[in-house]
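Have a look at the structure first, and then we can walk through it together.

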Amino acid sequence: MYCPNCGKQSPDEATVCTECGLKFGPVSTEPVYDPAINAYRQPVYIPATVPGKGVSIASLVLGIISVVFFLTAYIAAAIAVVGLVLGIYGKSKSKKLGLPNGSATAGIACSSVCLGIELTILLVAVIAGAFYF
Ligand SMILES: [Zn+2]
């Protein structure tokens with residue numbers, strides 16, 4: 001059986017890839033894209049866990065916090081930047097295996113919304129400042 005992450009062959013009874021350490025779940029019944037050979041393979045192991053899931057959930061949590069606490073301006077913007085970076089990182093890891101990663105997408109969205117709010121506030125403040133002084 002083949003690893004969907006690195007494309008190396010592992011014994012049929014393997015639970016983790018001997019090459020890259022990916023945890024294996026069930027075996028696919030449909031072709032799975034294998035980036036190592038740039039083609040579809042059947043059957044391959046389906047990863048037991050979505051790689052990058054942890055950072056993606058962290059991204060989502062930070063994204064929500066940054067939106068809820070947008071009044072803290074710079075603090076919220078800093079949290080949103082971290083959330084955005086983690087979200088992009090998490091998404092790239094799961095995207096490599098063609099796996100859906102809703103929390104990464106949601107994390108990127110929430111962080112972007114917060115950064116949009118902060119930039120708008122900053123812009124309004126700059127324009128208002130230009131008129132007052
Ligand atoms: Zn592997």
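A donor, as the word is used here, is an N, O or S atom within 2.8 Å of the metal, with a cut-off of 3.2 Å for Na, K and Ca. With that in hand, the spacing of the donor residues of the zinc ion in sequence reads C-x2-C-x10-C-x2-C. Please keep in mind throughout that this is a predicted model.

**The zinc site**

Which residues supply the protein donors of the zinc ion? They are Cys 3, Cys 6, Cys 17 and Cys 20, each through its SG atom, at 2.2 to 2.3 Å from the zinc ion. The angles subtended by the four donor atoms around the zinc ion run from 105 to 117°, so the arrangement is tetrahedral. For reference, the ideal angle for four tetrahedral donors is 109.5 degrees.

**Two helix pairs**

Now to the helices. Two packed helices are described by the angle between their axes and the distance between the axes. The table gives both for each pair.

| Helix pair | Axes come within | Crossing angle |
|---|---|---|
| Helix 1 (residues 53-68) and helix 2 | 8 Å | roughly 155° |
| Helix 2 (residues 74-95) and helix 3 (residues 102-132) | 8 Å | roughly 150° |

Angles over 145 degrees count as roughly antiparallel. Helix 1 and helix 2 are therefore roughly antiparallel to each other, and their crossing is left-handed. On the helix 1 side, the residues that meet helix 2 include Val 55, Leu 62 and Ile 65, while those on the helix 2 side include Ile 79, Val 82 and Leu 86. By class, this contact of helix 1 with helix 2 has ten nonpolar, six polar and one charged residues.

Helix 2 and helix 3 are likewise roughly antiparallel, as follows from their angle, and helix 2 passes helix 3 in a left-handed crossing. The residues of the contact of helix 2 with helix 3 divide into twelve nonpolar, six polar and two charged.

**A closer look at Leu 115**

Leu 115 sits in helix 3. Which residues does Leu 115 touch, not counting residues up to four places away in sequence? Leu 115 touches Ala 77, Ala 80, Val 81 and Leu 84. Between Leu 115 and Val 81 there are 7.6 Å in space, C-alpha to C-alpha, although the two are 34 residues apart in sequence.

Key:
Residues numbered from 1 in each chain as written. Predicted model: local features only at pLDDT ≥ 70, side-chain atom pairs only at ≥ 80, totals over all residues. Heavy atoms only, no water. Axes fitted to C-alpha atoms, helices over the stretch in contact; angles between N-to-C directions. Helix = DSSP H or I, 4+ residues; strand = E, 2+ residues; numbered from the N terminus. Parallel < 35°, antiparallel > 145°, perpendicular 65-115°, else oblique. Left-handed = near helix turned anticlockwise from the far one by under 90°. Nonpolar A, V, L, I, M, F, W, Y, C, P; charged D, E, K, R; others polar. Tetrahedral: all angles 85-135°; square planar, octahedral: opposite > 155°, others 65-115°. Contact = heavy atoms within 4.5 Å.
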